[in-house]
Number of protein chains: 2
Amino acid sequence: MADGRIAQVQTGESLLFLTDEQLRQGIETMFFAYRGFTADPDRILSDLSYGRAHHRAIHFINRAPGTTVNNLLTILGVTKQSLNRVLRALIADGLVESRVGTVDKRERHLYLTDSGHALESQLSDAQRARMRAAYREAGPEAVAGFRKVLEAMMDPDMHRCYSRLRDSAG
Amino acid sequence: MADGRIAQVQTGESLLFLTDEQLRQGIETMFFAYRGFTADPDRILSDLSYGRAHHRAIHFINRAPGTTVNNLLTILGVTKQSLNRVLRALIADGLVESRVGTVDKRERHLYLTDSGHALESQLSDAQRARMRAAYREAGPEAVAGFRKVLEAMMDPDMHRCYSRLRDSAG
DNA sequence: CAGTTTACGTCAGTCTTGTTGACATTCCAA
DNA sequence: TTGGAATGTCAACAAGACTGACGTAAACTG
């Protein structure tokens, strides 16, 4: 329907990177890369009979220690019932600790235990190893572009939510 | 465990983009971007009571018309039973046609019907629109870097498989 | 203070999408 | 020609998402 080549004619610039074919290749590469991106932690998780959902929870609890269930819900974009199933397992297995809030006793603040931190390290070391190899192979300019495109692809709401998270961690 | 700053000291180059913190930000951005990446088609699909799996099948059948079930299996990386359920629905709904192979009658060759092409266009138009906006915002150099990093992140096997696909389409 | 809202947990049920296992058909090679 | 390998189908099950309903405790509000 809309074709990049039309835009090229309109602006007179070289916008060949916006052709439908270029975009389709970007879409497919994104699909394959995301699989690679999760492949290593997924292998570790399946040995523990955990899944992606558990990794996501562990990642963001480590990222923002003491975060509430509601915060986590917003970031992960799932229902509380779905998250609760995962958290229940992680708490039962002693990887996550849930503390009643002191200022607002309705809230539960989530923390990784020592075992939780151990698993988090194992998972993110595996994921970072692949990421690091990709970054090193592509070089710093490519990495800057990579980040720039990804951030432009995020939902604007998510972008705000994520910026807050990033700022709070410093 | 392994920290980018060590590499920096070793090589003397500026490898600050390889620090654990930079990598973690890349990991999180990838997570959020992938959600944005699939959000638009997912909305369309849920109205039709289809899901990601259906989109993937439709995408690659459109990409490589006449492909066999086994080819599709390799590309998608799921079991044949899982793919079969999805294909059965698409065939029943008249979006995909399955033709018995002429040279090897065990094989089924898959094609999109006219309705199948219509849905494929609708889905990929939506996905491309967001992709195009992100590309345009980031600019051509960023897009080149984006692609470079993603390709380095893919599984090597997948990379070969994908190259074949890309060549076959010309 | 009474009523409402918020935060969280849970039970029950459904749907998608992945998995194994068993099985039929077809092809190919010993 | 016969046994194994490849291709695809059917059945049953599990993980992880969803909705809806309900309960409890705490906080807020008129």
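**Ground rules**

I note that this is a predicted model, where local features need pLDDT of at least 70 and side-chain atom pairs count only at pLDDT 80 or more, while totals for chains, interfaces and linings use all residues. Residues are numbered from 1 along each chain as its sequence is written, chains are lettered from A and ligands numbered from 1 in the order in which they are written, and side-chain values use heavy atoms, with hydrogens and water left out.

**Axis and interface**

I then checked the interface, with contact taken as heavy atoms within 4.5 Å. Of the interface residues of chain B, 98% are also interface residues in chain A, so the copies meet through the same surface.

**The core**

I turned to the nonpolar cores, each a set of buried Ala, Val, Leu, Ile, Met, Phe, Trp, Tyr and Cys residues joined through side-chain atoms within 4.5 Å. Buried means under 20% relative accessible area, exposed over 50%, and partly exposed in between (1.4 Å probe, protein chains only). The largest core has 100 residues. Met30, Phe146 and Met153 of chain A, together with Met30, Phe146 and Met153 of chain B, have the most contacts inside this core. From chain B, the core draws at least three residues from each of domain 1 (4–138) and domain 2 (139–170), with bounds that come from an automatic or database domain assignment. A reminder to myself: in soluble globular proteins, nonpolar side chains tend to be buried together.

What does Met153(A) touch, leaving out residues up to four places away in sequence? I found Met30(A) from its own chain, and from chain B Ala33(B), Gly36(B), Phe37(B), Arg130(B), Met131(B), Ala134(B) and Phe146(B).

**Chain A, overall**

I counted eight helices and three strands in chain A. Helices (H or I, at least four residues) and strands (E, at least two) are DSSP runs, numbered from the N terminus. From that end the elements run α-α-α-β-α-α-β-β-α-α-α. Buried residues make up 50% of the 170 residues in chain A. Among its contacts with a separation of 6 or more, 49% are between residues 24 or more positions apart.

**The sheet in chain A**

Here I used the rule that two strands pair if DSSP finds at least two bridges between them. Chain A has an open sheet of three strands in the order β1-β3-β2, with antiparallel pairing. Its edge strands, β1 and β2 of chain A, each pair on one side only. Two bridges link β1 (residues 67–68) of chain A to β3 (residues 108–112) of chain A, and I noted Thr67(A) opposite Leu110(A) and Thr68(A) opposite His109(A). Five bridges join β2 (residues 96–100) of chain A to β3(A), with Val96(A) opposite Leu112(A). Helix α3 (residues 52–63) of chain A lies across β2 and β3 of chain A, at about 95° to β3(A). The axes are lines fitted to C-alpha atoms, for helices over the stretch in contact, and angles run from 0 to 180 degrees between N-to-C directions.

**Chain B**

In chain B I read the strand order β1-β3-β2, again antiparallel. Thr67(B) has Leu110(B) as its bridge partner in β3(B), and Thr68(B) has His109(B). Five bridges join β2(B) to β3(B), where Val96(B) stands opposite Leu112(B).

My last stop was Asp114(B): is it buried or exposed? Asp114(B) counts as exposed, because its relative accessibility is 70%. I found this residue in helix α6 (residues 114–138) of chain B. Its C-alpha is separated by 8.9 Å from that of Val96(B), which is 18 residues apart from it along the chain.
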